[in-house]
Amino acid sequence: KMAYVGDGNNMTHSLMYAAAKVGMNFAAATPEGYEPNVEVVANAKADAAATGATVTITHNPMEAVAGAAVIVTDTWASMGQEAEHDARTAVFRPYQVNWELVAESGDPRCIVMHCLPAYRGEEITEDVFEEFANVIFDEAENRLHVQKAIMALVMGG
């Protein structure tokens, strides 16, 4: 199971679609008013039904991460939302990825991922980030190669 904790944004949508398509259970925990797009959720649930997976949306981060092998988060204020930073921080504080949340997964091999940039002490604690830095930076590097491949394909190379 993959769990996403944070804003119901483009990252949530992408992860939800990908998990559903490959038959992986997915749960997202977002604050009220920050849920993923309802049409995206409906489409992902239809994909999940076809692959035997589940898609769950909740406001409870502990519920979302229960049984997760992977926990993913993202910045609370994405590009273009900088003016909302302080308000978002107050709303998202209970959605911080910290050791208490990771332990709730119940899986001692659970890993944490972050699409970067990370604001340590906000969406993820410094110690959790450092514990999983190798995974987080590998994720960033792999995204670079995928983006380069897409550019080459689009440009006809």
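1. Some ground rules to begin with. The model is predicted, so local features need pLDDT of at least 70 and side-chain atom pairs count only at pLDDT 80 or more, while totals for chains, interfaces and linings use all residues. Residues are numbered from 1 along each chain as its sequence is written, and side-chain values use heavy atoms, with hydrogens and water left out.

2. There are five aromatic pairs (rings of Phe, Tyr and Trp, the last by its six-membered ring, with centres within 6.5 Å; planes under 30 degrees apart are stacked, over 60 edge-to-face, the rest tilted). Trp99 and Phe132 make a tilted pair, at 6.0 Å centre to centre and 45° between the planes.

3. What about burial in that pair? Phe132 is buried at 9% relative accessibility, and Trp99 is partly exposed at 36% (buried is under 20% relative accessible area, exposed over 50%, partly exposed in between, with a 1.4 Å probe and protein chains only).

4. Phe129 and Phe137 are an edge-to-face pair, because their planes stand at 80° with ring centres 5.8 Å apart. Phe129 is buried at 2%, whereas Phe137 is partly exposed at 44%.

5. One aromatic cluster brings together Tyr34, Trp76, Phe92 and Tyr95.6. The largest pocket holds about 320 Å³ of space (on a 1 Å grid over the protein atoms alone, a pocket is an open set of points where a 1.4 Å probe fits, with protein on both sides within 12 Å along at least five of seven lines; lining residues have an atom within 4 Å of a point; the volume is the space filled by probe spheres set on the points, which are joined across faces, edges and corners). Of its 15 lining residues, Asp74, Thr75, Ser78, Met79 and Pro117 are the closest to the centre.
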